[in-house]
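This report goes through a set of computed features, one topic at a time. The sequence and the model come first.

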Amino acid sequence: MADASVTTVEGAVEHHAHEHHGPQGILKYIWSTDHKIIAMQYLFTGLFMGLVGGLMAYVFRMQLAFPGISVPGFGVVSPHEYNALVTNHGSIMIFWVAMPVLIAAFGNFLIPLMVGADDMVFPKINRLSYQVFFVSAVLILASLFVEGGGFGGAWTAYPPLSAQGDYNLSSLGATLWLIAVALEFIAFLLGGINFITTMMNSRAPGMKAYDIPLVCWMIVIASILFMLSVGPLIAGAIMLLFDQTIGTGFFDPARGGDPILWQHLFWFFGHPEVYVVLLPALGITIDIVATFSRKKVFGYKIMLYTVVATGVLSFFVWAHHQFIAGIDPRMANVFMVTTLLISVPIAELCFVVIATLYGGSITLNTPMLWALAFMAEFLLGGVTGIFLGATGADIYLHDTYFVLAHFHYTFFPIAIIGTFAALTYWFPKMFGRMMNDTLGKIHFWGTIIPFNFIFIPLFVLGLGGQHRRIYDFQNFPELAAMQPFRVFATMSLIVMLLFQLVFFYNFIQSLRKGPKAERNPWKANTLEWTTESPPPHGNWPPDQLPRVYRGPYEYAHPDREEDYWPQNLPA
Amino acid sequence: MSYPPIATQRRSTGIPTGRLAVWWVLASEVVIFGGLLASYLMFRIGHPEWADAAVHTNTWIGAFNTFVLLTSSFTAVLGHQAAERGEGKLAARYLIYTILGAATFVGVKSYEWWYEISHGYTITTNNFWSFYYTAAGLHAAHVIAGAVIMGYIARDAAKNVNLHRVELIGIYWHFVDVVWIFLFPLLYIAK
Amino acid sequence: MAENIEQGGHGGDQGHGGHGGHGAEHGHGDHGHHINYKKIYLVLLVLLVISVAGPFLGIFWVTLLTAFGIAIVKATLVVQNFMHLKIERQIAKWVLAASLLLLFLFFAGVAPDVMKHDGAGWENLAAKAVVDAGIDSGEEHGEEGEEHDEEAEPEPEPVVAFAPDQAYSQICSTCHGAGGRGDGAGAAALDPKPADFTLAEFWETRTDADLVKVIREGGASVGKSAQMAPWGALYDEEQAQQIVDYIRNTFVQGG
């Protein structure tokens, strides 16, 4: 047996020597199995979908600020179009922007580089993952244009509204939406298996568990959370699909089904999902903060254990989304306690970041600004969540704009701020050129200030009793009086969207004409900075894959002249 | 860079990469099937009237299919044993026996469904039947997918290529078997 | 363990390998021979026979035990011996254990709402109605005999025939309340409050045509609250009129 295996091994190497050229030309970018190319595919698809989602927000915010006007570039928004827009804005921003960019794009790009491997462990499955994801993206966009319009039953797709075309008036749109979401899940299961196994099994020699950069840990923990929480929802999606198409009654109370079951299936996934996208953003932040404070991360292990605790706890809180849905009040008490408990590890994570900053020599460049903004804004989102976690307050606040503002104060930092932080930080490595820091800062302030101006008024509106998912508030005299708040929020949104042009200009200009980036422009320790920018196919020459001697955050070590100590330098 | 990448051959955990991935696949499958079966169980306990519908499932067909799957699991593990010894041809033959088991299973299942549907018990008859067809259908889809993949692996194994995959598909196959071991009492015995 | 040594050594020789010939990669190849697969298989078959035979005793808990107890034993045997989990590394066991534990968590969190049909201060009337209806029809069915030839099969599900009382309880009662007092579960969040059908003045100030219009086109169509949703997609005018009649006949007091 041993002999046979040795000969096959040699045969395999020979056999593959002439296979590695792979597809040429444009196909090289579409059909590649290289993790970096796949990361770019995810990144650009995600950014494009982010643009779509942002423009959707523009259309329905215009309708809310100026009911009934013909929105420039869209026309008059009908009530059904309004529903379809808010539903798909939510779905797209979470499933087609936050997840592909934060987990798939940066996971794909960073994990093999950071653990010192030449690629993902299953490159073909990785490619398949993107292809499935691409199909799902096409389907969700197509669902907006079918007969009856896009699905308008909110991103949570509660039955019976989502289950019957009679109710939601867009049976084909609803079915396409559901299939797209299910395919997206499958894409991320395929990707997640790759991330997890790559980090577990393909670490560079010498790299122990505590030598892995936190951002890798976080992306992998997020993938595990996703994998273990999405199962019931996949089962639920099959059931809902049958309700929609074949006419079963899984969620139809008149036939013995139970709509509450869907809510449980959905939120059993839906709440861990918040942490699935939060953790990568947090990991990105902590890496950037350590680099630009020139300090070791305060409490690497504490951070790691806290994140694991957060992940575990996140499975115990899901029913706080259902306090007024008619769940048993005794269960609501249990879920209130777990919900309030989870703020403890999250607060701990914030303190770790603050303690890392303390006493560091801080460089306030664009990535660092984004990272700090992430912590500041996410903190506001977390604190307002405590109001909603308390059953008493939630009865009043549920389904108001307070929830909506809270949610955006968590997801905007995650999906948008986290993405920009990572993009500006790793841009030199990804594309081999430096970004313009001044334009980056203009874009930063032009995004952060309007962001707060959009959502702080929505907190006020929510406390004033303004419910979500209403097309036109003019029928409610006491709400109509608060119209100036809505106009202000909409104006801020338009300003924010316009400032994104600065980013696209900067991105494209830097890509073409930015100064060439050296290997390690930020003087950081982790392995991705030890190879060329951008890294070649295979990341390092096959015989020079790095070996690891220490943890990822050895900045300002007292025994060394330089203030950083790359992981791969022999002692 | 040669393919497969060096990354695939490393094993920091001590588990070969392929097998590690299969365990993760199974973990995600456990929650997919588990979510469905947990929902079924809640309804089943909450709706005593389902007993009337459950009477109409055919225990003997279910038991026969259990026997078929257990046997195919047995041949799959024998295939793995052969692959470990490096006997690719023998391993391929056992895999083909397993595929035949899968075919028998699907054949019997089709007959059973045809019989039930022609007697008016369709997926929309009531929620018991909806769960019955959904759960068994999801399982049958896994059986068919497993058999197809096994065909590819058997073809390679006969040429002594990729013998480690015999074990991987075997683990998956045993999992499909285990799911049926639970579906059998849930749908056929507890009446 | 041989595996450990192999593992310790792998660091330096990362360039080795290739995807063929992984016969040697079976870390536990040497253990495999200790398991007598044939014996396990035979035990599984015996267990299968017992689980099928169990229900013939007709004792409820014996059936449960032979059905699910044996399923657990069988599954354990397959997982431990055929999937070789018992000689697999610890991490794989943790992964599977975690996913199983989550299922119990899911069940524990959801069962109080879905499995049970009443609880502290609430009752799932729809589910209870379905259970009652199912048990009644089941009894009738039972009397007709257990033999099922093709004609005695379950009557096809009626194509959701329209009945005003059902329409009221499914659609209207959420806000207007089961007793028509405007005090349904949804009413708490509404301002203005839903109409109270028991008041005489409600009926004095509205014509049937108005009410049909409200049902089909929503409250806003006659200048009332827009939170009264339009239901024209569900009910035509005649059906809406029937609902109005039903409400008047059922709730109006001293009318």
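## Nonpolar cores

The largest nonpolar core has 270 residues, and those with the most contacts inside it are Ala98(A), Cys216(A), Met218(A), Ile219(A), Ala222(A), Ala421(A) and Leu95(B). A nonpolar core is a set of buried Ala, Val, Leu, Ile, Met, Phe, Trp, Tyr and Cys residues joined through C-beta atoms within 7 Å. A residue is buried if 20 or more other C-beta atoms lie within 10 Å of its own, exposed if 12 or fewer, and partly exposed in between, with C-beta atoms placed from the backbone. Helix 8 (residues 214–245) of chain A gives the largest share of this core, 23 residues. Apart from this core lies another, of 13 residues, among them Ala167(C), Leu211(C), Val214(C) and Ile247(C).

This is a predicted model: local features need pLDDT of at least 70 and side-chain atom pairs count only at pLDDT 80 or more, while totals for chains, interfaces and linings use all residues. Residues are numbered from 1 along each chain as its sequence is written, and chains are lettered from A and ligands numbered from 1 in the order in which they are written.

Ile103(A) is found in helix 4 (residues 79–114) of chain A; helices (H or I, at least four residues) and strands (E, at least two) are DSSP runs, numbered from the N terminus. Ile103(A) counts as buried because it has 27 C-beta neighbours inside 10 Å. Between the C-alpha atoms of Ile103(A) and Leu463(A), which are 360 residues apart along the chain, the separation is 34 Å.

Leaving aside neighbours within four places in sequence, Ile103(A) is in contact (C-beta atoms, placed from the backbone, within 7 Å) with Ile219(A), Ala222(A), Ser223(A) and Pro280(A). With neighbours within four places again left aside, Ala222(A) is in contact with Ile103(A), Tyr275(A), Val276(A), Leu279(A) and Pro280(A).

## Helix 9 of chain A against helix 5 of chain C

The axes of helix 9 (residues 259–293) of chain A and helix 5 (residues 90–114) of chain C come within 10 Å and cross at roughly 160°. Axes are lines fitted to C-alpha atoms, for helices over the stretch in contact, and angles run from 0 to 180 degrees between N-to-C directions. The two helices, helix 9 of chain A and helix 5 of chain C, are therefore roughly antiparallel to each other, a term for angles over 145 degrees. Their crossing is right-handed, that is, the near helix is turned clockwise from the far one by less than a right angle.

On the chain A side, Ile260(A), Leu261(A), His264(A) and Phe268(A) meet Phe106(C), Gly109(C), Val110(C), Asp113(C) and Val114(C) of chain C.

## Chains B and C

Chain B has seven helices and zero strands, and its C-alpha trace spans about 60 × 30 × 25 Å along its principal axes. Of its 191 residues, 65% are buried. Chain C has 10 helices and two strands, in the order α-α-α-α-α-β-β-α-α-α-α-α. Of the 255 residues of chain C, 26% count as buried.

The contact between the two chains takes 57 residues from chain B and 62 residues from chain C.

How values were computed. Angles under 35 degrees count as roughly parallel, over 145 as roughly antiparallel, 65 to 115 as roughly perpendicular and the rest as oblique.
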